[in-house]
Amino acid sequence: MVYPILTPQEAADFVKNGDTVTTSGFTAAGTPKVVTEAIAAKAEYEHSQGRPFKVNLFTGASTNDHVDGALARANAIAMRSPYQSHGDSRKRLNAHDINYFDVHLSEMSQKLRYGTFGPVNVAIIEAGRVTDNGEILLGSGLGMTPTIASMADKIIIELNEEIPETMEGIHDIYTPLDPPYRREIPIYKASDRIGTPLLKVDPKKIVGVVPTKAKDGVHAFAPADETTKLIGANVCQFLLSELRRGFIPPEFLPLQSGVGNVANAVLAGLADSPEIPAFDMYTEVIQDSVISLMAQGKCRFASTCGMTLTDDTMAQVHANIDFFRSRIILRPGEISNSPEVVRRLGVITMNTALEADIFGNVNSTHVVGSKMMNGIGGSGDFTRNAYISIFSCPSSAKGGLISTIVPMVSHVDHSEHSVDVIITEQGIADLRGLDPLQRANRIIDNCVNPDYKDLLRFYLKMSGAGHTPHSLKAALSFHTTFVEHGDMRKTNFS
Ligand code: 0RQ
């Protein structure tokens, strides 16, 4: 190999204070595992010497403890975008130790290419193989890798022996031209391949290769509990009724599903619904449940940006790679989440809300209006362009102290115009074609936790006139009551 073999520390020496550092991967899948730890150690050393050291960190989506965790703990991040989900980075950005801004995942790569966020100094890319002419076999998540590889001044390769050669052929690397030269992205079904299996980079930019053998280390989800099982069953019941009345065609439509416990339970529910035919997924992340659905023949094909699989499930994929390579495509995030393709394919989208209001606006990101949870991720890319957009969540959180259905959301990520259906363990509110008052009544009747129904009915009655009736004084009373008394049930509108 023509590239120097480096220790993680030697690789970290290429990173300077103020640099913009970017990484491969999407969630923990395909994300670097050792160099960022060494950058964090370097930052801690520099800080101990009284010198500043922070980098801007841009990634495909959330990462892992080695990236967001280590760098946040070392207070080594100046600016961060887009989605993150690590407790340590969440603490830092809510304290403004990190300047965080949230961006739709599909837009991040093009915004970088347009120059919106300045130059890219370093790209750290996990690979299974790199050739002397700069051809790279990538890992289990793509994220923004093609864009950061083309923009970065320096590329550091984490050569991970856990990525088998047989993964070649699963990736589909494609970068659209930028305006005014952009053409359509020629995907007409989830399984269409439009790019190349290997990433080609300028070999002169590769400053070195760091050998590793670390697995993605994805945590298993909690087994579905009664509430998430009921949500899953309600989503399936809704899909089935749409199929029966012919609104979803008999061959079905591609599904997108978010990440997390609720999303996992929904997919498990699909497996248990014999009337729902085998389907394709056009999504950004596949979790263990999708691999089971494929093995059962229920999921025919999945187009995704990352395989966020536990190590055991990843081993199962590697052991049966011919089966899975013909059923999975790994795409860059701007393609897996492309609004153009989502709308063309008629994707049915299923995402999780933190809270929704009685008129159908959804907050996916901010706890009680101000604390960032994770970010909008790809939920906006899919929701806004869906054939049917579904949001689900338990009807209450924190043991009933919080109603997830509120008079007015404390932060808006998805406006009423983009939200078709809300589903909780209580039931289904199909909001399509309803005016705001009708929507409010349907959500209260079908989705609200019994502890909060009377309160919300009272709110609606007291709100008076207008197309979307609100009492501006009382609209955030659920939240202010929670902040003051720790229990939304104590809300008193009078
Ligand atoms: O807190 O962990 O302390 O118990 O929020 O809630 O119900 O376990 O749901 O894990 O699916 O996460 C919206 C955050 C939901 C996620 C969100 C508390 C609750 C719990 C988690 P604990 P659940 P999930 C694909 C698409 C945006 C991005 C997106 C998300 C914790 O789905 O980040 O959709 N979505 N991307 O107790 C205060 C409320 C609450 C609340 C729940 N109203 N107020 N706390 N919680 N509701 C992925 C990518 O883009 C990569």
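Which helix and which strand each supply at least two residues of the shell around the ligand? I looked this up, and they are helix 8 (261-271) and strand 16 (348-352). Helices (H or I, at least four residues) and strands (E, at least two) are DSSP runs, numbered from the N terminus.

A note to myself on the source: this is a predicted model, where local features need pLDDT of at least 70, side-chain atom pairs count only at pLDDT 80 or more, and totals for chains, interfaces and linings use all residues. Residues are numbered from 1 along each chain as its sequence is written.

**Ligand shell.** I found 29 residues around the ligand, and G260, T352, N374, G377 and S379 come nearest (near means a C-beta atom, placed from the backbone, within 6 Å). Both domain 1 (8-212) and domain 2 (226-484) give residues to this shell, so the ligand lies between them. The domain bounds come from an automatic or database domain assignment.

**Helix 17.** Next I checked residues 477-485, where F478, H479 and F482 are the buried ones. They sit on the same side of helix 17 because they cover an arc of only 100° around the axis. Buried means 20 or more other C-beta atoms within 10 Å of a residue's own, with C-beta atoms placed from the backbone; the arc is that of the directions from the helix axis to the C-beta atoms. Just after helix 17, I noted that G486 takes a positive phi of about 70°.

**L71.** Leaving aside neighbours within four places in sequence, I see L71 in contact with T36, I39, A40, L57, A76 and I77 (contact: C-beta atoms, placed from the backbone, within 7 Å).

Terms used. Buried ≥ 20, exposed ≤ 12 C-beta atoms within 10 Å, placed from the backbone. Contact = placed C-beta atoms within 7 Å.
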